[in-house]
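Please walk me through this model, one part at a time.

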Amino acid sequence: MANDAVKNKSTDDPVLQWVTFRLDGETYGINVMQVQEVLRYTEIAPVPGAPSYVLGIINLRGNVVTVIDTRHRFNLPSGDITDNTRIVIIETDRHVIGILVDSVAEVVYLRQSEIEMAPNVGNEESAKFIQGVCHKNNELLILIELNKLLTSEEWNELEDV
Amino acid sequence: MSDLKNPFDSLLDYFDDLLPSEDLEPMANQKASVSKVKSPSVNLKDSAIKTAAKPSVKPLVAHRTSARKSKPIAKPIPEFAEPDAEKKAKLQKLLSSAQPQIVVAPIVNVEVVAPPKTTYVADPHEIQEWVIETATPIVETKPSIETPVVVAAEILGQHLQIPGLEWMPNGLPQWAQSRFDVLLFKVSGLTLAVPLISLGQIQPITDELTPLFGQADWFMGIQPTPQGKIRTVNTAKFVMPERYDESFIKNAKYVVSINGVPWGLAVDSVNQPIRLQPGDVKWRSDRSKRPWLAGTVKEHMCALLDIPMIGQILIDADKNAMKTRL
């Protein structure tokens, strides 16, 4: 019976793993299940006529991967490329893309119940990228919903890139 | 002498003769249906039906049976004897059918315990465990009933409203009907007063204040505190955007949270509370333009904020407010 109670608790309140990265001084989290790999910064080839949020493309073992300018997407000021800069290769519902981040920190374990809804008081579309917030290790994690990072039209645009 | 009837018995016989057998049938059916009500899921409505039915059956049966016992000799015409016997049998039948419901009546009070097993409960598994492990399920089920209420509000998208919003016909807000305490604080050189009754806590703004992208410009960020996360408003930008000075971000030292909502106002400094009489304030009559401004206090050269209204504005501005558990 005690085992059943523990089992019920774990199913009701699952533990999720999040890969955290830094961007403009804040810490963000993305679901580890959507992260394929983390690359050091490599030269990104710009694509003429690509949308403004697209930095360019990289060659990943023979595959072309589009890299998104995450700072631009989040309406944050642009930053410099450093030794800590990383390209996180993520897999969404339909595509594999790369997102450029200032640095990758760690993998954290969060219970579903620890995640709180973030406010949405702006008119910016980007607010919907935030899945929630969580206070962990004396800092506030902003959890990103990658599937909402681009609209369906924008995903189609990426295919053209 | 023995042939003389008791007037009461005569009256009963008269009514018995007037009452045709068809009239008894619906009554019997009604009682049968009432007796069927004896089911495990008794509610207050059922018990009301039973208690209402009880007195109407019992006196009728009691009087008639006692009357019958005293008059077997007083039947001059033999033809009427048989119908009386039939009625007696019917009444006896009614009496026997009425018995169970009289016995059931006290159980009603016991079964009032049943309401905790209502469909409002979110997780039936948890309830089953509570029933087994605790002897007093009523106490245990209280939180489980409260939780679905919040969920229901989310589903229905009900409009959240914080208390103290109303302004009375005398032109004063509900919280200022008699003397009230206010806290004075400074925001970019402007002194603001807020009613103490609407305030939650005062917390220092730390490095943990985390801005979120894609929000309104008056949203400073989320300040984690031991009491929870406070969504911090850039008060200077919220109150006087036309005179906003960027230095406020660096100068703001405290966040004053609003009671009942997860929001707070960033302030430069907090002064001592003062007591005001309603007459000390020049109340605003038209609040359509700046609904958060209740009035001004000339003596202290400050603006009095309508904090419940600010709380309501913030809740209304938050598109995720309906999904948030306060």
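In this predicted model, Val67(A) stands opposite Gly98(A) in strand 7 of chain A. Strand 5 of chain A pairs with strand 7 in the parallel sense over three bridges, whereas strand 6 (residues 86-91) of chain A pairs with strand 7 in the antiparallel sense over six bridges. Strands 6 and 7 of chain A form a hairpin, with four residues between them. Strand 7 itself, residues 96-101 of chain A, is mostly covered, five of its six residues being buried.

Chain A also holds an open sheet of five strands in the order 8-1-2-10-9, with mixed pairing. Strand 8 (103-111) and strand 9 (130-136) of chain A stand at the edges; each has a single partner strand, so one side of each is left without a neighbour in the sheet. From one strand to the next the twist averages 35°. At one end of this order, strand 9 of chain A pairs with strand 10 (residues 139-144) of chain A in the antiparallel sense over six bridges. Within that pairing, Cys134(A) has Leu141(A) in strand 10 of chain A as its bridge partner.

Two loops of chain A deserve a look at the backbone. Most residues other than glycine have a negative phi. Asp24(A), although not a glycine, has a positive phi of about 55°. Asp24(A) is placed in the loop between strand 1 (15-23) and strand 2 (26-31) of chain A. Is Asp24(A) buried or partly exposed? Asp24(A) counts as partly exposed because it has 16 C-beta neighbours inside 10 Å, and a buried residue would need 20 or more. Arg61(A) is another residue other than glycine with a positive phi, here near 50°. Arg61(A) lies in the loop between strand 4 (54-60) and strand 5 (63-68) of chain A. Because it has 5 other C-beta atoms within 10 Å, Arg61(A) is exposed; the limit for that class is 12 or fewer.

Chain B has ten helices and eleven strands. Of its 326 residues, 23% are buried. Among contacts in chain B with a separation of 6 or more, 59% are between residues 24 or more positions apart.

Strand 1 (residues 180-187) of chain B has pairings with two strands. Six bridges join strand 1 to strand 8 (residues 269-276) of chain B, and the two run antiparallel; in this pairing Phe185(B) stands opposite Val270(B) in strand 8. Six bridges also join strand 1 of chain B to strand 2 of chain B, again antiparallel, with Val182(B) opposite Pro195(B) in strand 2. Strands 1 and 2 of chain B form a hairpin with two residues between the strands, where Ser188(B) takes a positive phi near 50°.

What lies in the interior? The largest nonpolar core has 41 residues, and those with the most contacts inside it are Leu192(B), Ala193(B), Val233(B), Ala266(B), Val267(B), Leu304(B) and Leu305(B). Apart from neighbours within four places in sequence, Val267(B) is in contact with residues including Phe185(B), Val187(B), Ala252(B), Tyr254(B) and Val256(B). A second, separate core of 37 residues includes Val88(A), Ala118(A), Leu143(A) and Leu149(A).

Helix 10 (residues 307-317) of chain B is mostly covered, with eight of its eleven residues buried. These are Ile307(B), Pro308(B), Met309(B), Ile310(B), Gly311(B), Gln312(B), Leu314(B) and Ile315(B). The cover over the buried residues of helix 10 includes strand 2 (190-195), strand 3 (199-204), strand 5, strand 6 (254-258), strand 7 (263-267) and strand 11 (302-305) of chain B.

The last topic is the interface. Here 20 residues of chain B are in contact with 23 residues of chain A. On the chain B side, the elements that give two or more residues are helix 6 (124-133), strand 4 (219-225) and strand 5 (228-233). Strand 4 of chain B provides the largest share, three residues. By type, the residues on the side of chain B that touches chain A divide into seven nonpolar, six polar and seven charged.

Terms used: Residues numbered from 1 in each chain as written. Chains lettered and ligands numbered in written order. Predicted model: local features only at pLDDT ≥ 70, side-chain atom pairs only at ≥ 80, totals over all residues. Contact = placed C-beta atoms within 7 Å. Nonpolar A, V, L, I, M, F, W, Y, C, P; charged D, E, K, R; others polar. Pairing = 2+ DSSP bridges. Axes fitted to C-alpha atoms, helices over the stretch in contact; angles between N-to-C directions. Core = buried A, V, L, I, M, F, W, Y, C linked by C-beta atoms within 7 Å.
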